[in-house]
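User: I am new to reading protein models, and I would like to learn how to read a few features, step by step.

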Amino acid sequence: MIATCPHCGNPVPVNGPQRRPICRSCQKVVEITAETWHDILREYLESYRGLEPGSGSDSTIMGGTTLKCTSVKLPPPDPACPKCETNWDLAGVKDGTDGAIVCQQCGYTSPTYPPPDWLKAGVPAAAQVFFGERDRTGAVEEAAATVAAATPIALACPQCGGGLLVTAQSERTLPCKYCKVDVFLPDAVWLKLHPAKEAKFWLVRFS
Ligand SMILES: [Zn+2]
Ligand SMILES: [Zn+2]
Ligand SMILES: [Zn+2]
């Protein structure tokens, strides 16, 4: 699931039932209300019966924040461990478990936890979350610290060859202090300073 940051327009992966994911590009919180989450899951539950295992649906939710999600009804067998591709034993995890699911083959772990209260309040059938990230306090500060800690990158102005020093706080386009031309930072430089986060697969088990 991917949200569009209402502050800067960049994509923000939402890798779990989070109401306050952080945009890596601008270090701002992207608010997703509990109601929006309820709508997403209810809509999914409604279409669930009509879906063949293995098939899915794409939906776009507009609101303060545009959300795009792709959901798939799981066929048996369970999804596979990203490391060794052995199927996870989801049935072995009881609802309410707050901890990690461990791959029996390679020992890789992934979080599993009960849905937060605000989620269950609107969707009582939600029973357990697998592989999802959670809202964490201090996440904004953490994202800002990561950016501040990134080493500046030196590159030559494509116009005059003058030296430019780019930091994570730099805008995507910055003026060369020698020839005053606006230099648009190449992707390689930009991504080094703002590591992109990938959208990951996570799931909610319903009872
Ligand atoms: Zn942003
Ligand atoms: Zn494994
Ligand atoms: Zn220049």
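**Reading a zinc site and an aromatic pair**

Analyst: At 45% relative accessibility, Phe201 counts as partly exposed, because buried means under 20% relative accessible area, exposed over 50%, and partly exposed in between (1.4 Å probe, protein chains only). This is a predicted model, in which local features need pLDDT of at least 70 and side-chain atom pairs count only at pLDDT 80 or more, while totals for chains, interfaces and linings use all residues. Residues are numbered from 1 along each chain as its sequence is written, chains are lettered from A and ligands numbered from 1 in the order in which they are written, and side-chain values use heavy atoms, with hydrogens and water left out.

User: Which atoms coordinate the zinc ion (ligand 2)?

Analyst: Donors are N, O and S atoms within 2.8 Å of the metal (3.2 Å for Na, K and Ca), and water is not among the atoms, so sites may look incomplete. Here the SG atoms of Cys81, Cys84, Cys103 and Cys106 coordinate the zinc ion (ligand 2) at 2.3 Å.

User: Is Cys103 buried or exposed?

Analyst: Cys103 has a relative accessible area of 6%, so this residue is buried, whereas Cys106, at 32%, is partly exposed.

User: How many aromatic pairs does a search of the whole structure find?

Analyst: Rings of Phe, Tyr and Trp (its six-membered ring) pair if their centres lie within 6.5 Å, with planes under 30 degrees apart counted as stacked, over 60 as edge-to-face and the rest as tilted. The search finds six such pairs. In one of them, Trp88 and Tyr108 have ring centres 6.2 Å apart and planes at 50°, so the pair is tilted.
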